[in-house]
Protein chains: 2
Amino acid sequence: MFGRIDHIGVAVTDLDAAVALYEQTFGMPVAHRETVESFGVEAVLLDVGESHVELLRPVSDDSAIARFLERNGPGLHHVAYATDDIEAALERCRAAGLRLIDERPRRGIRNSRVAFLHPKAVGGVLTELVQPAAH
Amino acid sequence: MFGRIDHIGVAVTDLDAAVALYEQTFGMPVAHRETVESFGVEAVLLDVGESHVELLRPVSDDSAIARFLERNGPGLHHVAYATDDIEAALERCRAAGLRLIDERPRRGIRNSRVAFLHPKAVGGVLTELVQPAAH
């Protein structure tokens, strides 16, 4: 169902400092930077193998990332798995009785289609399904 | 410095239930199961692309995973990046002034060599360097 880890999502307060750490010390090239208004975040994707680190800074106070930071401080926020067919993947999760946050895929970063599973359904792990945009 | 995400580490209370979810619903094959006494955990690795999901159940009450579960409940615990030269990677982190948990690599799962960076040095993310065993 999943081809790879698409990315790990990391909540940060200082985006430029985080980018500097991952880029300069960890040697991960910046692949993309985008403000995703529907999620209330500014996001930076850095390459690592076939995956990315996604650094997320809130741009609105009522975004999920802002609430996460308030509750937990910066740190690991979610993991995303890549799929070629997000409808089928979501249906499989629904059929298994997993609680969904998104009943239908919505637009994510870089015109991907994404859907989140509820962390309570995945042992406390906020889990995202991602179907990257066709190139 | 890092070739790929080696694994994401997930703290669980019920290992068999977690394995069933990742294997049967998410379709990730179990690659390895091992009790790593030095870390006080029973661990299961599942394949996803070039990475793994590592499910971690404490086998001793004073393990880091037991303390994490007590504080946070089950969920995302750490991320590990693969390197071909853990001494060089650790030295680069040290030279950048990052606080280390392990000053020297120690033995991890499947005879890998591992070292943890302090989460305070990596924006709240517990970060592991892994040099897999040579095959």
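Reader: What makes G124(A) partly exposed?

Author: In this predicted model, G124(A) has a relative accessible area of 37%. Buried means under 20% and exposed means over 50%, with partly exposed in between; G124(A) is therefore called partly exposed.

Reader: Where does G124(A) lie in chain A?

Author: G124(A) sits in the loop between β7 (113-117) and β8 (127-131) of chain A.

Reader: Which residues is G124(A) in contact with, its neighbours within four places in sequence left aside?

Author: The contacts of G124(A) are P119(A), P74(B) and G75(B). Contact requires heavy atoms within 4.5 Å. As for H78(A), which is 46 residues from G124(A) along the chain, the two C-alpha atoms are 9.9 Å apart.

Reader: Why is I86(A) called buried?

Author: The relative accessible area of I86(A) is 0%. Buried means under 20%, so I86(A) is called buried.

Reader: What surrounds I86(A), and which element holds this residue?

Author: I86(A) belongs to helix α3 (residues 86-95) of chain A. Apart from neighbours within four places in sequence, I86(A) is in contact with P105(A), R113(A), V114(A), A115(A), L129(A), V130(A) and Q131(A). Between I86(A) and P119(A), 33 residues apart along the chain, the C-alpha separation is 18 Å.

Reader: Which elements make up chain A, and in what order do they run?

Author: Chain A has three helices and eight strands. From the N terminus on, the order is β-α-β-β-β-α-β-α-β-β-β.

Reader: Why is chain A called as compact as a globular protein of that length?

Author: The radius of gyration of chain A is 14 Å, and the globule rule gives 14 Å for 135 residues; the two values are close, so chain A is as compact as a globular protein of that length. Along the principal axes, the C-alpha atoms fill a box of roughly 45 × 35 × 25 Å. Of the 135 residues of chain A, 55% count as buried.

Reader: What share of the contacts in chain A with a separation of 6 or more comes from residues 24 or more positions apart?

Author: Such residues account for 52% of those contacts in chain A.

Reader: How do you know that a domain is annotated in chain A, and what is its secondary structure?

Author: The annotation "domain: VOC" comes from an unreviewed UniProt entry and covers residues 4-132 of chain A. Over residues 4-132, the chain is 23% helix and 40% strand, and the end C-alpha atoms are 12 Å apart.

Definitions and conventions. Residues are numbered from 1 along each chain as its sequence is written. Chains are lettered from A and ligands numbered from 1 in the order in which they are written. This is a predicted model: local features need pLDDT of at least 70, side-chain atom pairs count only at pLDDT 80 or more; totals for chains, interfaces and linings use all residues. Side-chain values use heavy atoms; hydrogens and water are left out. Helices (H or I, at least four residues) and strands (E, at least two) are DSSP runs, numbered from the N terminus. The radius of gyration is taken over C-alpha atoms; the globule rule is 2.2 Å times the number of residues to the power 0.38. Buried means under 20% relative accessible area, exposed over 50%, partly exposed in between (1.4 Å probe, protein chains only). UniProt positions are given in the numbering used here, feature names are shortened, and annotations may be inferred rather than shown by experiment.
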